[in-house]
Amino acid sequence: MPVSKSVGARVKRREDPKLIRGLGQYVDDINLPKTLHVAILRSPYAHARIEKLDTGAALRLSGVVAVCTGPELEDKIGTLPTTADNPTLKIPAHHVLAIGKVCFAGEGVAAVVAEDRYTARDALDLIQVEYEALPVVSDPEKALTPGSPVIHSEFTDNLAFSWKHEQGDLAKAFKQADKIVKQRLVHQRLAPIAIETRAVLARYLPEAKELTVWSSTQIPHILKTHLAQLLKLPENEVRVIAPDVGGGFGCKLNVYAEEALLGYLALTLNRPVKWIEERRENIQATIHGRGQVGEVEVAVRKDGTILGLRYKVIADIGAYHQLFTPAIPPFTGLMLSGCYKIPAMSIELSAAFTNKMSTDAYRGAGRPEAAYVIERIIDRVAQELKLDAVAVRRRNFPKASEFPFKTATGLAYDSGNYQLALGKALKLAGYEKLRREQRKLRSRGRYLGIGLSTYVEICAMGPGFWEYGKVQLEPSGKVTVFSGASPHGQGQQTSFAQIVSDELGVALDDITVVHGDTGQVARGMGTFGSRATAVGGIAVYHAAEQVREKAREIASHLLEVDADDVVFSDGRFSVKGVPKKALTIQQIARQAQETGDSSGKTAPGLAAEYQFEPSNFTFPFGTHICVVEIDPQTGNIAIKKYFAVDDCGKVINPLLVDGQLQGGIVQGLGQALYEGVVYDENGQLRNGSLLDYAVPKATNLPRLRLSRTETPSPVNPLGIKGIGEAGTIGSTPAIVNAVIDALAPFGVTHIDMPLTPQKIWRLCQGAKAAVAGGRR
Amino acid sequence: MKASSGKKSMDGVRKQKITLRINGIEHSLEVEPRLLLVHFLRDVLGLTGTHIGCDTSSCGACTVMFDNMAVKSCTVLAVQADGAELLTIEGLAQGARLHPLQEAFWECHGLQCGFCTPGMILSAYQLLMRNPKPSEPEIRHAIDGNLCRCTGYEHIVDSVQYAAKRMKRKDLRRR
């Protein structure tokens, strides 16, 4: 076995040198000669009939090349796809541009193609549209009440789909309970806000019969398949390239109207076309995350043992399904057991169409909602039973020996040691000392809050979602790695090279990792669900392993010994017991290129490809502890300290893992404290720019104290679990629990997110007034 | 789709001549008065390291040094830069030698997707020009106008601290 040198090391990223010099190539940085620019007219109404649409004046503006509308494209471009295995699913036709009616503010109505960006924008103002406003359905709960206006007239109501799961004797659990604790919880809609907005460039080469679409996407291969279908082209005439991608967080895990539209325009106009989403459009017309309202109810014994859990939830789908819209809310249901033994559970999910942008995968995608439900209700139980929040968690954890741990939601968690992570986090935070400090400060009128979350998540998608990897030794001895994963900041050009370096004994600098181009990488699924390393990395690992074994065969022939007598170490194959009789893998590569092993048994070339599909998901977990101080005079929340102990199985590169966690934690903090897409009752987006949609900034953030436990996953040979979303899933409940804990003296038991100073100030003032009133 | 009958001239738009130095090189060009500086840099000169992340000067991805001040180039017209001295991310390294701030971002994993990075580095550049030994709160304050969605800022703060320790006066010379 080669000595592991690279895996586990803090290797600096190989992606960085060009990016820090400003030499990255994001879609808008690619300038093809004669490129035309596209701008899209979007509906100002949330729900309206299009009575008249006149594009004549726009077309007459000099510099405008073409204008198109929905009806003209109806038989040219198919309807946008969605994926879900759910018999209750209703799928309204989702056109690339609206036909006859608009169903959310921001829906595309017409597109202008012009010689430059400014002219394209100017022309939008010249398009005349007459709308007949229709009644708006903005609130998902109201959407499902009888008598609500129905958004899609082909259906009888706004129920987009439903999903149910029940296991165990829930009636008995609730009958035997000492206490039943209930809580209504709102998971507000969030805007993903990748700093690079969506961007598409398309070019058609008629002679070569090749449509190339550069898109800021997480899934070039999936997009290619769908674009071929949407544009009615043979799939081998479509190539999709994801160049440098400026952040995704799930919002680029999709097939969007603009991607199909630009492909069509390139085909028709015979010139390259480019569309760069503006930030205002981005908040209107790129998918949102979360958007659930639920009521959780748990049956508990007075010692804190959970006997059963019931959750009824309404998911706000928006007007149409995007690619994974219907797949996200059921993830919440599946993960509702958290890291606890809950013998009986019932989950009832209803998804509602509303006159808003679609919800879909946003970092965590269904799991942050689950973690929030279970971690909030555990804290509520502790509060109701006057038990410590740590004790209630400990009481309900499965033991490390109980893995694979089967939940009442039908999952089998691969591996875990929840006590260990919790214990380590408590020690790191100095939990007991913090509680003493809290009591001391409270007596002086200062409000410290300590919040925990012991989360578990499901990732490394997973059974049904494979990933492709290929490892190729060039005749020069350099290695090219091809992966179907499509990283956009996660750093797999580094971590995959680390894996291959160890397997083949080749220096990191001699390894190139290629991804994000369907013209170069044969197959792929992409980067989402914290899967790139735990699935894509494993495909690459197996491919490298096969290359090594093929090289061993060739070596055995060249060294004239049995393959079993060939020893591999540090990139050299030597004869057992005769270390000097050896060949380097580079020498073998040269030989392999010419003749294989020259015996004719082994085909020429030294390359292998592998498609890996895991037998199960992985279940990373951990404990986050947040300490806040609230100022009741202003409602301000100061985050004093933040501790996180995460377990993502084996770590390939700790530097990258820390980066994923830090970014994830701050994104989860954004949901807890600042963010929320706000639509009014008319379906108008109230905070559609970065002036009023608040993402976390560098100030007001604490230093994060990170630590790890390492429980390998048994579902892949490297023991990797995945780390892309853990921070976001773990942090939101820890922060909210801390704020609620700080406000306990005011009798506060719950506040819906985002926890703005205004909400907190009101509660503090209300509580004071109530106390004062009582005294009088 | 309706195709335009196709008269192409941009009639009625009077272009204006501007002369400015960017990364030490003088440029003299005629531009439309409404052209934003960021589009001038990116689309006219091909300096695509300066990015655009919003339309409200909130995100800072387009930050460049303008007469030794970090400005958001999406909120400046190209004609306002007439006579100015600009430094963009492309002008920071000296040939193969990275600027200490660039080294620091690489060393400390101060970037993930890299889209906010050029603006972030130039905001940090301005900070270190004015305050060579900043405290952590001062660093956080200085980059408060630059949004990063990937890193949670922690490694960016580390990067600026790392650079501050290694910067020499020549690394901040006026251009």
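**View 1. Strand pairing across the two chains.** In this predicted model, strand S3 (residues 64-69) of chain A lines up with strand S1 of chain B in the antiparallel sense, with 2 bridges between them. Pick out Val67(A): its bridge partner in S1(B) is Lys2(B).

**View 2. Chain B on its own.** Chain B has 5 helices and 6 strands. Reading from the N terminus, the order is β-β-β-α-β-β-β-α-α-α-α. If you're setting up a box, the C-alpha atoms of chain B fill one of roughly 60 × 40 × 30 Å along the principal axes. The chain has 175 residues, and 50% of them count as buried. Among its contacts with a separation of 6 or more, 60% come from residues 24 or more positions apart.

**View 3. Two loop residues of chain B with positive phi.** Asn23(B) sits in the loop between strand S2 (16-22) and strand S3 (25-31) of chain B. Its phi is near 50°, a positive value in a residue other than glycine. Now move along to Asp67(B), in the loop between strand S4 (63-66) and strand S5 (69-72) of chain B. Asp67(B) is not a glycine either, and its phi is positive, near 45°. Here 13 other C-beta atoms fall within 10 Å, so Asp67(B) is partly exposed; the exposed label would need 12 or fewer.

**View 4. Helices H11 and H19 of chain A side by side.** Helix H11 (residues 367-385) and helix H19 (residues 726-742) of chain A have axes that come within 8 Å and cross at roughly 30°. That angle is why H11(A) counts as roughly parallel to H19(A); the cut-off is under 35 degrees. The crossing is right-handed. On the H11(A) side, the contact uses Arg367(A), Pro368(A), Ala371(A), Tyr372(A), Glu375(A), Arg376(A) and Asp379(A). Facing them from H19(A) are Thr728(A), Ile729(A), Gly730(A), Thr732(A), Pro733(A), Val736(A), Asn737(A) and Ile740(A). By class, this contact has 7 nonpolar, 4 polar and 4 charged residues.

**View 5. Cis peptide bonds in chain A.** Worth a check of your omega values: the bond joining Phe403(A) and Pro404(A) is cis, with omega about 0°. Pro404(A) lies in the loop between helix H12 (389-396) and strand S16 (405-406) of chain A. Where does Pro754(A) lie? Look in the loop between H19 and helix H20 (757-775) of chain A. The peptide bond leading from Met753(A) to Pro754(A) is cis too, and its omega is near -10°.

Note on methods:
Residues numbered from 1 in each chain as written. Chains lettered and ligands numbered in written order. Predicted model: local features only at pLDDT ≥ 70, side-chain atom pairs only at ≥ 80, totals over all residues. Helix = DSSP H or I, 4+ residues; strand = E, 2+ residues; numbered from the N terminus. Buried ≥ 20, exposed ≤ 12 C-beta atoms within 10 Å, placed from the backbone. Contact = placed C-beta atoms within 7 Å. Axes fitted to C-alpha atoms, helices over the stretch in contact; angles between N-to-C directions. Parallel < 35°, antiparallel > 145°, perpendicular 65-115°, else oblique. Left-handed = near helix turned anticlockwise from the far one by under 90°. Nonpolar A, V, L, I, M, F, W, Y, C, P; charged D, E, K, R; others polar. Pairing = 2+ DSSP bridges.
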